[in-house]
Amino acid sequence: MSIGPIVIVGGGHAAAALCAALAEAGEGGRVHLVSAENDLPYQRPPLSKGFLKKADEAIAHHKAAAWYAEQGIQTHLGDPVVAIEREAQRVLLRSGAALVYQHLVLATGTRARTLDALPPRLHNVHVLREAPDARALRTRLSEMVTTGRRLTVLGGGFIGLELAASARQLGLEVAVLEVAPRLLGRSVSALLAEHVLAHHRGMGTEVQIGVRIEGFEIQGDRLASMQVGGSRMAVDELVLGIGAVPETRLAVACGLAVDNGVLVDAGLRTSDPAILAIGDCAAFLTVDGARLRLESVQNANDQARSASATLLGREEPYRALPWFWSEQGPMRLQMAGLLPPTSETVRRVGANAGSFTLFHLQDSLLRCAESVNAPMDHMMSRKLIEAGVPVDRTALADPAIPLKSLLG
Ligand SMILES: Cc1cc2nc3c(=O)[nH]c(=O)nc-3n(C[C@H](O)[C@H](O)[C@H](O)COP(=O)(O)OP(=O)(O)OC[C@H]3O[C@@H](n4cnc5c(N)ncnc54)[C@H](O)[C@@H]3O)c2cc1C
């Protein structure tokens, strides 16, 4: 096993989980955590949910500053890495500092996608990715509650829809515009997307799908209106919820293999074995040999654990089952597995009013499950997918038959 410094670039979920895994192995003293953010790693999911609704809610740090000090982890906050020198095995920070590494781990996540047609820094156009975005947006939303202005969300993906639901719960008028013919792109089934659409309309949000955005009218430092499907739509405040792009600029600049994410092997090693990549920025190999890049807390946490094993000289290939959750007002979605291109779908009514799970099967094997307010069924679905045993459709659909009994 090697004994040199491990430099982690990034201060998000993957970086925090890797710090925890290395500290648990007694290796904290080798670790440098370098983050572009001023805050220590914190939970990102609340930023589009509870955090926006409670004026006094603080961000939730993974660990306090004292913990990093106790573990011997050196933190470098608000000081992004600006270059990787692979030959010298060192990184340069914006402050001018240089850190030598034996192993480097890229955990740089994603950055919010923006629109070329919109000039940067318009006063009433926002993205939601990091704590400063959420703090600014929370202030703006609370002003809007008193002034009665409308929030427009461009994009019907998870973050846009969570934000729309939070804003509705605050009492704001909200419009969601989605260019695609359905919400949530291809990350959920068409059946679930229909349910989500009805849920948001039921909450009083104006949701338009399949819209054409033909232009933007800028006045000074504000977006005044948009041309939508031939009509002019006035804009009070706009949030861009149009997805994220993997933050691979450092990797590209130092010549690592990149294709919609930093390419990694089963041990999370990049094309340079001294450099690993984990979390949202990494495009990994699935058991079927396909390339996949996921944006989820599960993926960040589990890849951090596999990367820690690689760094400690054990080989524990990344094979974790993907799962995800999203809270949109009173609706909690939980997904397990990956939606196959074609599947047979079975619906099971859940224990709570209006709750259900959609099971997607291929050749009698459960590949993916989508639960709405059915947390116990979600948990059992994960076990059923992992077990890889054939399941009976009739039994799956019957809420009187416990899912546990199908495990065999
Ligand atoms: C508002 C919001 C809500 C979400 N809700 C959910 C949810 O409900 N469920 C779920 O599973 N997932 C959710 N996600 C996604 C989840 O947060 C991400 O998948 C997860 O944060 C990925 O972790 P990561 O460490 O790979 O990247 P990130 O957490 O994005 O961290 C990347 C870090 O790298 C830093 N960085 C980038 N470049 C540099 C550099 N050059 N030098 C130093 N540091 C750098 C960034 O500043 C950042 O700190 C949500 C995301 C957002 C933004």
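Trainee: Where is Arg30 found?

Mentor: Arg30 sits in the loop between H1 and strand S2 (31-34). Bear in mind that this is a predicted model.

Trainee: Is Arg30 buried or exposed?

Mentor: Arg30 is buried, as its relative accessible area is 10%, and the cut-off for buried is under 20%.

Trainee: And what does the side chain of Arg30 reach?

Mentor: The backbone oxygen of Gly4, at 2.7 Å.

Trainee: Okay, on to the ligand. How many residues surround the ligand, and which are the closest?

Mentor: There are 34 residues around the ligand, and the closest are Ala14, Glu37, Lys49, Arg129 and Asp280. By class, that shell has 15 nonpolar, 10 polar and 9 charged residues.

Trainee: What about polar atoms by the oxygens of the ligand?

Mentor: A polar side-chain atom of Asp280 is 2.8 Å from a ligand oxygen. For Glu130, an N or O atom in the side chain lies 3.1 Å from an oxygen atom of the ligand. Val297 uses its backbone instead: an N or O atom there is 3.1 Å from a ligand oxygen.

Trainee: How much of the ligand does the protein bury?

Mentor: The protein buries 95% of the 1000 Å² that the ligand exposes when taken alone.

Trainee: Which domains does the chain have?

Mentor: The domain assignment gives domain 1 (6-111 + 244-311), domain 2 (114-240) and domain 3 (330-407). The ligand lies between domain 1 and domain 2, because both give residues to the shell around it.

Trainee: And how far apart are the C-alpha centres of domain 1 and domain 3?

Mentor: Those two centres are 33 Å apart.

Trainee: Changing topic: how many disulfides does a search of the whole structure find?

Mentor: The search finds 0 disulfides. Cys19, for one, is in no disulfide, and the nearest cysteine sulfur, in Cys281, is 15 Å away. Cys19 also counts as buried, with 0% relative accessibility.

Trainee: Does Cys254 count as buried or exposed?

Mentor: Buried, since its relative accessibility is 14%.

Technical notes. Residues numbered from 1 in each chain as written. Predicted model: local features only at pLDDT ≥ 70, side-chain atom pairs only at ≥ 80, totals over all residues. Heavy atoms only, no water. Near = heavy atom within 4 Å. Polar contact = N/O pair within 3.5 Å; in protein donor to acceptor, adjacent residues only side chain to side chain. Areas by Shrake-Rupley, 256 points an atom, 1.4 Å probe, with all protein chains shown as cover. Nonpolar A, V, L, I, M, F, W, Y, C, P; charged D, E, K, R; others polar. Domains from an automatic or database assignment. Disulfide = S-S within 2.5 Å. Buried < 20%, exposed > 50% of the residue type's maximum accessible area, 1.4 Å probe, protein only. Helix = DSSP H or I, 4+ residues; strand = E, 2+ residues; numbered from the N terminus.
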